[in-house]
Amino acid sequence: QAHLEFSANPAEMHFDRARGMQMDAMACGADPRTDATLNPVITGGVSIGFRCSDGVVIAADTMLSQGSFQRFHDMRRLHKVNDQIVIAVDGEYADFQEIQTICQDLVAEHDQLEPYGFWKVVPKQAFNVLSTIMYHKRMDQDPLWNTVLVAGYGHDCGPTVAPCSEQDLVDKPFLGQV
């Protein structure tokens, strides 16, 4: 015979159920505070880029899925870093938002360097920064669940990329995958 319980306060009933689920997870050796971040929740699918002799073409779809459920149909996953750089991202959408913040901070740092407005983030530099950050996050067991395409038009030298020669100052199309 089944035993049914009734509660005068439905919220209390849900809290009790959640505590029970948390205890079950801890009994299996899982830490519910951190293990949930190890699996992507809301993900997006396709990014593509082509480098041509006179530019770069980059695109991403707008569908985001939660598991196999196609949840969001109009979510943009292209981000303009500055006038020379665009990134396209697939994978976990929350991590894409963190990557957007990283790119905005990088541009803000360069805007503060003297002489003001002279130092601009170039595509190769944005690629190097993102690949370094994503590598370190993987090593810390807190990865960004994304593939990032960095596309842009610019030269391959600057204060943190490489020393400049006359030949390096020519703007070229750039496409890199992190």
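Modeller: Let's start with a term: a residue is buried when its relative accessible area is under 20%, exposed when over 50%, and partly exposed in between, using a 1.4 Å probe and protein chains only. Cys103 is buried, at 3%. This is a predicted model, where local features need pLDDT of at least 70, side-chain atom pairs count only at pLDDT 80 or more, and totals for chains, interfaces and linings use all residues. Residues are numbered from 1 along each chain as its sequence is written, and side-chain values use heavy atoms, with hydrogens and water left out.

Biologist: How many disulfides are there by the rule you use?

Modeller: A disulfide is a pair of cysteine sulfur atoms within 2.5 Å. By that rule, the count here is 0. As for another cysteine, Cys52 is partly exposed, with 35% relative accessibility.

Biologist: Which residues touch the most other members of the largest nonpolar core?

Modeller: The general idea is that in soluble globular proteins, nonpolar side chains tend to be buried together. A nonpolar core is a set of buried Ala, Val, Leu, Ile, Met, Phe, Trp, Tyr and Cys residues joined through side-chain atoms within 4.5 Å. Here the largest one has 22 residues, and Ile87, Ile99, Leu130, Val148 and Val150 touch the most other members. Two or more residues each come from strand 7 (85-92), helix 2 (93-111), helix 3 and strand 8 (146-154). Helix 2 gives the largest share, 7 residues. Helices (H or I, at least four residues) and strands (E, at least two) are DSSP runs, numbered from the N terminus.

Biologist: What is Val150 in contact with?

Modeller: Contact means heavy atoms within 4.5 Å. Skipping neighbours within four places in sequence, Val150 has contacts that include Ile87, Leu130, Phe127 and Phe174.

Biologist: Is His79 buried or exposed?

Modeller: His79 is buried, at 10% relative accessibility. You'll find His79 in strand 6 (residues 78-80). Beyond residues up to four places away in sequence, His79 touches Ile85, Val86, Ile87, Phe96, Gln100, Cys103 and Gln104.

Biologist: And Tyr135, where does that one lie?

Modeller: Tyr135 lies in helix 3 (residues 123-139) and is partly exposed, with a relative accessible area of 41%. Sequence distance and space can tell separate stories, so to speak. Tyr135 and Val178 are 43 residues apart in sequence, with 9.3 Å from C-alpha to C-alpha.

Biologist: Where does Val57 lie?

Modeller: Val57 lies in strand 3 (residues 55-60). At 47% relative accessibility, Val57 is partly exposed.
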